[in-house]
Amino acid sequence: MLISCKVTNSILRSLEKQGRDISTFLQNIEVPEEFLTDSSCWLEAPKMEALLRDLDNHFRDLPEDYTREVGRQCESLRSWGVLDRVVKMVESPLDIYGQPNRFISYFISPEPPIGNWKNEGDKISFELPVLAQQYPLITEYLCGALEGLPSYMRQPPAHVIWDESRISVQ
């Protein structure tokens, strides 16, 4: 499974916006900065999770939910490349939450199957074969990204819970 460098690009942009020096972190990793900041590049999921953990360890004073918060800032960070323009054209968050596989495919490759999709009025839920416990930082970012999607439509954020492989969006 591959994870989009939209994730690393978002986090690195967020750190830079805060005025943090990311150069020392980037010097100590194997992946070139150009790769991590290219929203069209992909990394193996274990490598991405390890990189996010290393980032978290390097910047020790980050809040506990920093990765999720960066995902929530998706609209203001403009770190998703083409996807930023695509989402900007969507009229309602429900258009995205109604077909979560299309959105998820921008972040996870190959596109994972979505199961047990349900619309319960104010809550949409579905299953994704990605365990939150296996990739806690990746799934936290994706939760934040799903929460932040409504900001593209000038609406309040959603609330997302990722429990094992079940995702609920309210």
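## Second largest pocket

A pocket is an open set of grid points with protein on both sides within 12 Å along at least five of seven lines, and its lining residues have an atom within 4 Å of a point. In this predicted model, the second largest pocket is lined by 15 residues. Pro93, Leu94, Tyr97, Ala158 and Gln170 lie nearest the centre of this pocket.

The space in the second largest pocket amounts to about 160 Å³. Helix H8 gives the most to the lining, with 3 residues. Sorted by class, the lining holds 9 nonpolar, 4 polar and 2 charged residues.

## Largest pocket

The largest pocket has a volume of about 210 Å³. Two or more lining residues come from each of helix H7 (82–88), helix H8 (93–97) and helix H9 (100–104). Of these elements, H7 gives the most, with 3 residues.

The residues that line the largest pocket are Leu83, Val86, Val87, Val90, Asp95, Ile96, Gln99, Arg102, Phe103 and Tyr106. By class, 7 are nonpolar, 1 is polar and 2 are charged.

In soluble globular proteins, nonpolar side chains tend to be buried together. The largest nonpolar core of this model has 56 residues, and the members that touch the most others are Trp80, Phe103, Phe107 and Leu149. Helix H10 (residues 136–148) gives the most to this core, with 7 residues.

Beyond its neighbours within four places in sequence, Trp80 is in contact with Lys6, Ser10, Ser39, Cys74, Phe103, Phe107, Tyr141, Ala145, Leu149 and Tyr152. The contacts of Trp80 therefore include Phe103, Phe107 and Leu149, where contact means heavy atoms within 4.5 Å.

## Cavity

The whole structure contains 1 cavity of 30 Å³ or more. About 50 Å³ of space lies in the largest cavity, whose lining consists of Ile11, Leu52, Leu55, Asp56, Leu62, Tyr66 and Thr67. Helix H4 (45–58) and helix H5 (66–72) are the elements that give two or more residues to this lining.

The largest share of the cavity lining, 3 residues, comes from H4. By class, the lining comprises 5 nonpolar, 1 polar and 1 charged residues.

## Strand pair S4 and S5

Strand S4 (residues 115–119) and strand S5 (residues 124–127) run antiparallel and are joined by 3 bridges. Asn119 has Ile124 in S5 as its bridge partner. The hairpin of S4 and S5 has 4 residues between the strands, and Gly121 takes a positive phi near 80 degrees in this hairpin.

Asn116 is found in strand S4. Its phi is near 50 degrees, a positive value in a residue other than glycine. Asn116 counts as partly exposed, at 48% relative accessibility.

## Further backbone features

Arg78 also has a positive phi, of about 50 degrees, although it is not a glycine. This residue is placed in the loop between helix H6 (74–77) and H7. With a relative accessible area of 35%, Arg78 is partly exposed, because that value lies between the limits of 20% for buried and 50% for exposed.

A cis peptide bond runs from Ser109 to Pro110, with omega near -5 degrees. Pro110 lies in the loop between strand S3 (108–109) and S4.

Methods: Residues numbered from 1 in each chain as written. Predicted model: local features only at pLDDT ≥ 70, side-chain atom pairs only at ≥ 80, totals over all residues. Heavy atoms only, no water. Core = buried A, V, L, I, M, F, W, Y, C linked by side-chain atoms within 4.5 Å. Buried < 20%, exposed > 50% of the residue type's maximum accessible area, 1.4 Å probe, protein only. 1 Å grid on protein atoms, 1.4 Å probe; cavity = no way out; pocket = protein on both sides within 12 Å on 5 of 7 lines; lining within 4 Å. Points joined across faces, edges and corners; volume = space filled by probe spheres on them. Nonpolar A, V, L, I, M, F, W, Y, C, P; charged D, E, K, R; others polar. Pairing = 2+ DSSP bridges.
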